[in-house]
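Let's walk through this structure together, from the whole chain down to single side chains. Keep the viewer open as you read.

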Amino acid sequence: MKTRLIKALLAVFAVTGLAAEAGAQEYLPYKIIGSPTRTAPYYFGPSAFPVPDMVKNTTGSIKCQLNGDFSWGNLASTTDYASTLGFDLRFPLWTDRANLSVYGQFHEWYRDTPQVREIRRVRPEYPLEGNTAGDVYFSIDMRVLEESRIIPLTVVRVALKSASGDDYEKARYFDAPGYHFDFCSTKSLLPRKGSFIENVKASFNFGFVCWQTDIGCQNDAWLVAGSFEIDTRWAVASVDVGGYHGREHYHDSPTTLKARLNLLPDKALSPSVQFQTGLRDWPFNQIRLGLTYSY
């Protein structure tokens with residue numbers, strides 16, 4: 001009799017514990033911790049932790065860039081739009097081999113559609129149009145190897161993502177911290193000073209990316225990218241392909257192609273234009289216009 005009573009009490013406690021656990025997790029984004037969180041660029045705006053640009057060299061001068069982005073999405077059959085005003089500041093530290101970089105978005109203006117909002121699981125009562133503040137990043141960039149006949153020029157970067165971006169509930173920014181560190185190695189293939197095409201370069205980028213998700217955990221990702229560049233007297237043209245690959249394996253591996261043209265790179269004022277398109281888990285196309293002032 002006692003044995004049966006003890007078994008019955010244990011069964012009641014077990015059922016009560018499972019019910020309490022289910023109730024406690026009822027208000028989490030997902031019932032089981034470890035399930036995909038959807039805190040990934042695929043489900044947010046185009047500036048929510050995008051694929052980092054490659055840092056191929058450091059600078060001995062102060063560089064200030066203003067850029068404007070116009071993005072249009074292809075997450076659904078209807079198109080969403082975003083326009084962003086951004087900045088990029090680079091300062092040499094005690095030497096031209098080490099830079100402090102501060103970059104990000106001043107502000108974003110966006111226009112969504114009901115279909116896009118449904119995929120992103122945004123509550124329908126929020127307006128489809130709006131504007132919001134963006135993220136700010138800080139990084140230390142260090143040139144650790146100079147280029148020689150065999151050794152490529154190599155830059156190491158350690159970057160911190162702030163949680164300054166707003167409108168997480170509208171799927172614009174993560175509103176969560178993150179960081180990444182990587183190295184970029186660049187080798188000259190056809191250096192020809194004095195000719196119209198002065199150099200042809202190839203770069204390889206490898207690193208680690210991490211960001212906090214919406215249930216207090218973090219997502220870890222490997223960063224891999226490659227670049228091909230042509231330097232002329234008046235312009236620098238490059239094509240970059242790369243991305244980072246998260247551990248959730250649920251649309252958290254954004255990969256993009258970037259085609260960039262910098263005009264008058266050695267002048268005080270240098271305009272630039274870039275086209276970026278998503279190859280995987282970044283459902284956007286983007287045009288960026290920039291103007292860099294160096295002194």
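A contact here means heavy atoms within 4.5 Å. With that in hand, residues 24 or more positions apart make up 58% of the chain's contacts that have a separation of 6 or more. A word on what you are looking at: this is a predicted model, in which local features need pLDDT of at least 70 and side-chain atom pairs count only at pLDDT 80 or more, while totals for chains, interfaces and linings use all residues. Residues are numbered from 1 along each chain as its sequence is written, and side-chain values use heavy atoms, with hydrogens and water left out.

The chain holds two helices and 13 strands; these are DSSP runs numbered from the N terminus, with helices being H or I of at least four residues and strands being E of at least two. Of its 295 residues, 43% are buried, where buried means under 20% relative accessible area, exposed over 50% and partly exposed in between (1.4 Å probe, protein chains only).

Now find strand 1 (residues 63-73), which runs antiparallel to strand 2 (residues 81-92) and is joined to it by 10 bridges. Two strands pair if DSSP finds at least two bridges between them. Asp69 has Thr84 of strand 2 as its bridge partner. Strand 2 is also antiparallel to strand 3 (residues 98-111), through 12 bridges, and a hairpin of five residues links strand 2 to strand 3. Across that pairing, Val102 in strand 3 stands opposite Leu89.

Phe275 sits in strand 12 (residues 269-280) and counts as partly exposed because its relative accessibility is 34%. Beyond residues up to four places away in sequence, Phe275 touches several others, including Trp72, Leu257 and Ile287.

Finally, is Asn219 buried or exposed? Asn219 counts as buried, because its relative accessibility is 0%. This residue of strand 9 (residues 218-232) has a side chain that reaches the backbone nitrogen of Arg247 at 3.1 Å. The Asn219 side chain also makes a polar contact with the side chain of Asp252 at 2.9 Å. A polar contact is a pair of N or O atoms within 3.5 Å; within protein, one must be able to donate a hydrogen and the other to accept it, and residues adjacent in sequence count only if both atoms are side-chain atoms.
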